[in-house]
Amino acid sequence: MSETTIKIGFVTVSDRASRGEYEDLGGPAMREWLEKALTTSFEAVHRLVADEQVEVESALIELCDEEGCCLVVTTGGTGPAPRDITPEATESVCNKILDGFGEQMRAVSLQFVPTAILSRQIAGIRGRSLIINLPGKPSAIADCLNAVFPAVPYCVDLIEGPYLETDTEVITAFRPKHAVRK
Amino acid sequence: MSETTIKIGFVTVSDRASRGEYEDLGGPAMREWLEKALTTSFEAVHRLVADEQVEVESALIELCDEEGCCLVVTTGGTGPAPRDITPEATESVCNKILDGFGEQMRAVSLQFVPTAILSRQIAGIRGRSLIINLPGKPSAIADCLNAVFPAVPYCVDLIEGPYLETDTEVITAFRPKHAVRK
Amino acid sequence: MSETTIKIGFVTVSDRASRGEYEDLGGPAMREWLEKALTTSFEAVHRLVADEQVEVESALIELCDEEGCCLVVTTGGTGPAPRDITPEATESVCNKILDGFGEQMRAVSLQFVPTAILSRQIAGIRGRSLIINLPGKPSAIADCLNAVFPAVPYCVDLIEGPYLETDTEVITAFRPKHAVRK
């Protein structure tokens, strides 16, 4: 594999989907959104794990450190229920937490449902990877990505990742002038 | 006592009120709001403690673990002053923090006073109990409950508590369709 | 020095500025804003340090504990890049974090750029000092101070600092009635 292959990780966290009792809808929804939004081509690396903190942590570490994904998105496991542990797993593998992502995703989701405040979604940096927790519900995944993705390419620049470009018909990435490459 | 008794805990955190130098206005204000908002009947369990972290922690633990309150609300002790330790006590007894509650309470309070950003109110889950920090001032208590309570009954469902119902003239609880019991 | 001298600390966190490769624009921008906003006179204490957590911590501790600054503002080092460690240093020296400051600064900055969610700015209390992280860019410093400063004088009151007064042509400090001194 060429060193310039850009990889994005997709982690579905769901007891039922991991046991095959339930079709994984979140993983494909995240990937479809990214495929539409990015003009930069990427290889998608999928993982499907149970709501077990150690399993989610292992998947995240593998996607960041071994696969070298510049971006890893997760779906599921961010609520207040006893089995919801995705934010705990994310926080434990990240060296920096970016509170603005969770704030902004909740603010946008609040326009649709008052239970948005129950979401514990976070985002953080592990080495050269940005990890973002997304909701479990496919329509809410798109709402959240629409809200935060304009900041993602510049964030990936800042952690020394690849230069991601978007289809401005879908989403417009923002970079300060000095960071824009022609 | 019947196993189906629903209990809600009310904790007033105040040095002066706990010494009897000051009437506890926050505790009754929280209870009155809940009595108007809920059509589900509940037993109110009150505690009045000084601004000492260990005392607040003990009260919260007792209300959650021994009294079995599905919801515990606190008033007072959430500012930046040296004696304000309610959020620290809450965080230390919770296994999950729900950042959206604090964000939303501050966002709503900001419409009234710019000093809303000084509030450190949080909410979190301890076992099968939801704990929410509220301000000390009775009028601000109502503003905060109006802002976050629509999400509370579904949150209590998710932590396997009782099915709480509200008087829609006061507040409308939101649940996803699959969670609504006829 | 008289005991009543009021001091405010200004910390520029920048590898390049600390090596003299780059002029410190953030430090003077913060000071100019404060000089315009406050009618209370103060002594400015400046520090210029590299993006090293231990250096930032030392500067903050010195300004709070030895210089006795009631307010310390920092500029730089709050992004997601590997060398950005100002929030970590701030958190480690504070005994209380005031999440509302970061939320409000990001909310205001979001009106200008979607990458505002990448900012990890926090504020917190160390003893009798309020520490606030500000952005690196001078124009963004003013946006953030405009957003949060109305709450600063009352916060300083609550931690037993001096009574700060503002020029209401620039910014209006808010205090509850009982806290206003004629």
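Which residue stands opposite B:G124 in β5(B)? Keep that one in mind while we get our bearings. This is a predicted model, in which local features need pLDDT of at least 70 and side-chain atom pairs count only at pLDDT 80 or more, while totals for chains, interfaces and linings use all residues. Residues are numbered from 1 along each chain as its sequence is written, and chains are lettered from A and ligands numbered from 1 in the order in which they are written.

Now for the answer: B:I97 stands opposite B:G124. Behind that sits a pairing of strands, with β4 (residues 96–97) of chain B running antiparallel to β5(B) over two bridges. Strands here are DSSP runs of E with at least two residues, helices are runs of H or I with at least four, and both are numbered from the N terminus. Two strands count as paired if DSSP finds at least two bridges between them.

Strand β5(B) also pairs with β6 (residues 129–134) of chain B, again antiparallel, this time through four bridges. One of the residues involved is B:R126, whose bridge partner in β6(B) is B:S129. Together β5(B) and β6(B) make a hairpin with two residues between them, and B:G127 in the turn has a positive phi of about 60°. What about the faces of β5(B), residues 123–126? Both are covered: B:A123 and B:I125 are buried on one side, and B:G124 and B:R126 are buried on the other. "Buried" means that 20 or more other C-beta atoms lie within 10 Å of the residue's own (12 or fewer would be exposed, anything in between partly exposed), with C-beta atoms placed from the backbone.

Hop over to chain C to see a whole sheet. Six strands form an open, mixed sheet there, in the order β2-β1-β3-β6-β5-β4. Its edges are β2 (43–49) and β4 (96–97) of chain C, each of which pairs on one side only. Helix α3 (residues 53–66) of chain C lies across β1, β2, β3, β5 and β6 of that chain, running at about 165° to β2(C). That angle is taken between N-to-C directions on a scale from 0 to 180 degrees, using axes fitted to C-alpha atoms, for helices over the stretch in contact.

How do the chains relate? Chain B can be laid on chain A with an RMSD of 0.0 Å by a turn of 120° and a shift of 0.0 Å along the axis. That is the relation of a three-fold axis. In chain B, B:E103 has the C-alpha nearest the axis, 4.3 Å from it. Superposition is by least squares on the C-alpha atoms of residues with pLDDT of at least 70 in both copies.

Finally, the contacts, meaning residue pairs whose C-beta atoms, placed from the backbone, lie within 7 Å. Between chains B and A, 16 residues of chain B touch 14 of chain A. On the chain B side, α5 (99–110) and α7 (152–158) each supply at least two residues, and α5(B) gives the largest share, five. By class, that side has eleven nonpolar, two polar and three charged residues. Here Ala, Val, Leu, Ile, Met, Phe, Trp, Tyr, Cys and Pro are nonpolar, Asp, Glu, Lys and Arg are charged, and the others, Gly among them, are polar. For chain C, only 7% of its interface residues are also interface residues in chain A, so the copies meet through different surfaces.

Technical notes. Two residues are in contact if their C-beta atoms, placed from the backbone, lie within 7 Å.
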